[in-house]
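Here are my notes on this model, in the order I would read them. Please keep the structure open alongside.

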Amino acid sequence: MRRLALVAVLVLSVGVVSAQERASDSPDPLMHEYTRAVQSAILKHWRRPESAVVGQHCVLDVRQLPGGIVASVDVASDCEYDAARRQSIMAATLKAQPLPYAGYESVFHRRLILKFVVQDSVP
């Protein structure tokens with residue numbers, strides 16, 4: 001039997017990556033860890049509706065305050081999720097707050113662009 005899994009990709013808003021980070025061939029390990037921590041926090045709270053379809057994606061624009069408090073969550077207009085899935089991923093983001101912050105202050109960003117993609121995974 002196959003189950004559906006969700007993968008989240010964190011994309012930081014344009015212009016927040018320093019010139020030094022762009023010039024570097026290897027990504028900042030702390031940024032990678034921060035990305036994984038944010039993804040894990042949200043996915044831990046996601047109660048996936050039965051209507052999830054492999055390959056569909058949705059982009060959320062999350063605004064947060066220092067400390068990881070979510071100020072707003074907006075769904076991109078091209079989100080392929082139905083209303084139930086949109087609501088569920090937004091609710092998961094709010095339930096996950098405060099998003100990871102302590103220890104990540106140097107890589108913290110107030111705006112996070114999160115792309116969620118439903119993937120097929122073998123249990």
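1. Start with the disulfide. In this predicted model, Cys 58 and Cys 79 are bonded, with their sulfur atoms 2.1 Å apart. The link is left-handed, at -115° about the S-S bond. It ties distant parts of the chain: Cys 58 sits in strand 2, and Cys 79 lies in the loop between strand 3 and helix 3, 21 residues apart. A search of the whole structure finds one disulfide.

2. Are the two cysteines buried or exposed? Cys 58 has 0% relative accessibility, so it counts as buried. Cys 79 has a relative accessible area of 7% and is buried.

3. Next, the hairpin. Strand 2 covers residues 57-65 and strand 3 covers residues 69-75; they pair in the antiparallel sense over six bridges. One of the bridge pairs joins Gln 64 to Val 70 of strand 3. Three residues separate the strands, and Gly 67 in this hairpin takes a positive phi near 105°.

4. Helix 3 runs over residues 83-95. Its 13 residues should span 18 Å at 1.5 Å a residue, and the end C-alpha atoms are 18 Å apart, which agrees. Asp 82 caps the N-terminal end: a side-chain oxygen lies 3.2 Å from the backbone nitrogen of Ala 84.

5. Which residues of helix 3 are buried? They are Arg 85, Ser 88, Ile 89, Ala 92 and Thr 93. These cover an arc of only 135° around the axis, so they lie on the same side of helix 3. An α-helix has 3.6 residues a turn, so residues three or four places apart point the same way. Ala 83, Gln 87 and Lys 95 are exposed on the other side of helix 3.

Conventions. Residues are numbered from 1 along each chain as its sequence is written. This is a predicted model: local features need pLDDT of at least 70, side-chain atom pairs count only at pLDDT 80 or more; totals for chains, interfaces and linings use all residues. Side-chain values use heavy atoms; hydrogens and water are left out. Two strands pair if DSSP finds at least two bridges between them. Helices (H or I, at least four residues) and strands (E, at least two) are DSSP runs, numbered from the N terminus. A disulfide is a pair of cysteine sulfur atoms within 2.5 Å. Buried means under 20% relative accessible area, exposed over 50%, partly exposed in between (1.4 Å probe, protein chains only). The expected span of a helix is 1.5 Å times one less than its number of residues. The arc is that of the directions from the helix axis to the C-beta atoms. A polar contact is a pair of N or O atoms within 3.5 Å; within protein, one must be able to donate a hydrogen and the other to accept it, and residues adjacent in sequence count only if both atoms are side-chain atoms.
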